[in-house]
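Q: I have just opened this structure and would like to learn how to read it. Could you walk me through its features, step by step?

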Amino acid sequence: MVFRYYDDKIFDYCKSKNIRYTRYADDLTFSGDFNCKEVVSFIRKVLSKTSFAINDNKTKFVSRGNRQEVTGVVVNEKLQVSAIYRKKIRQEVYYIIKFGVDKHLEAIEWERSIIDYLHHLLGRINFTLTINKNDSEMRRYYEYIHSVLKEYKEE
């Protein structure tokens with residue numbers, strides 16, 4: 001709500017230039033054919049009237065043909081969670097199957113409860129399923145980890 005007025009200004013500017021503008025929290029994303037320096041200049045001008053500022057260290061210009069990632073989601077051809085994120089989940093589920101949750105959590109030095117960890121892992125799996133609900137691998141992992149969680153809750 002605080003940023004609504006500025007969102008409208010940015011949206012109107014982008015609409016006039018045929019630029020797609022999206023925002024998630026403080027991440028602003030612009031897509032289309034446009035002059036990046038021009039857009040950044042406009043955003044700086046709008047933000048100059050606020051307490052907000054562009055974080056130059058987080059500002060990225062990604063051209064077509066390169067991996068385009070926004071808030072952890074690869075957005076090139078189809079929406080997908082990054083391969084690295086998926087690989088990490090795959091690895092954790094593998095270790096749980098091979099060694100058991102207890103041994104896995106000892107190895108990664110998890111300091112909270114097993115139930116907390118399983119909820120955390122389910123949340124990450126759910127994130128991938130939110131992006132791609134037809135991901136059969138993540139669906140299997142969800143079912144498996146959910147069953148492990150159920151066993152621990154029954155103890």
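Q: Which hand does the crossing of helix 3 and helix 6 have?
A: Helix 3 passes helix 6 in a left-handed crossing. Keep in mind as we go that this is a predicted model.

Q: At what angle do the axes of helix 3 and helix 6 cross, and how far apart are they?
A: The axes cross at roughly 40° and come within 11 Å. Here helix 3 covers residues 83-99 and helix 6 covers residues 136-154. Angles under 35 degrees count as roughly parallel and those from 65 to 115 as roughly perpendicular, so helix 3 is oblique to helix 6.

Q: Which residues make the contact between helix 3 and helix 6?
A: From helix 3 come Arg 86, Ile 89, Arg 90, Val 93, Ile 96 and Ile 97. Helix 6 brings Glu 137, Met 138, Tyr 141, Tyr 144 and Ile 145. Sorted by class, the contact has 8 nonpolar residues, no polar ones and 3 charged ones.

Q: How do helix 1 and helix 2 pack, and at what angle?
A: Their axes are 11 Å apart, and the packing angle is about 155°. Helix 1 spans residues 4-16, and helix 2 spans residues 36-47. An angle over 145 degrees counts as roughly antiparallel, so helix 1 is roughly antiparallel to helix 2. This crossing is right-handed.

Q: How do I tell whether a residue is buried or exposed, for example Tyr 117?
A: Look at the relative accessible area: under 20% is buried, and over 50% is exposed. Tyr 117 has a relative accessibility of 1%, so Tyr 117 counts as buried. You will find Tyr 117 in helix 5.

Q: Which residues does Tyr 117 touch?
A: Setting aside residues up to four places away in sequence, Tyr 117 touches Glu 92, Ile 96, His 104, Leu 105, Ile 108 and Trp 110.

Q: Where is Arg 124, and is it buried or exposed?
A: Arg 124 sits in helix 5, which runs over residues 114-131. Its relative accessibility is 13%, so Arg 124 counts as buried. Beyond its neighbours within four places in sequence, Arg 124 is in contact with Tyr 85, Lys 88, Ile 89 and Glu 92.

Q: What about Lys 49: buried or exposed?
A: Lys 49 has a relative accessible area of 59%, so Lys 49 is exposed. Lys 49 belongs to the loop between helix 2 and strand 3. Its C-alpha atom is separated by 9.5 Å from that of Tyr 6, although the two are 43 residues apart along the chain.

Q: Now for the whole chain. How many helices and strands are there, and in what order do they run?
A: The protein chain has 6 helices and 5 strands. From the N terminus on, the order is α-β-β-α-β-β-β-α-α-α-α.

Q: How spread out is the protein chain?
A: Its radius of gyration is 21 Å, well over the 15 Å that the globule rule gives for 155 residues, so the chain is more spread out than a compact globule. The C-alpha trace spans about 60 × 35 × 25 Å along its principal axes. Of the 155 residues, 30% count as buried.

Definitions and conventions. Residues numbered from 1 in each chain as written. Predicted model: local features only at pLDDT ≥ 70, side-chain atom pairs only at ≥ 80, totals over all residues. Heavy atoms only, no water. Helix = DSSP H or I, 4+ residues; strand = E, 2+ residues; numbered from the N terminus. Buried < 20%, exposed > 50% of the residue type's maximum accessible area, 1.4 Å probe, protein only. Contact = heavy atoms within 4.5 Å. Axes fitted to C-alpha atoms, helices over the stretch in contact; angles between N-to-C directions. Left-handed = near helix turned anticlockwise from the far one by under 90°. Rg over C-alpha atoms; globule rule 2.2 N^0.38 Å. Nonpolar A, V, L, I, M, F, W, Y, C, P; charged D, E, K, R; others polar.
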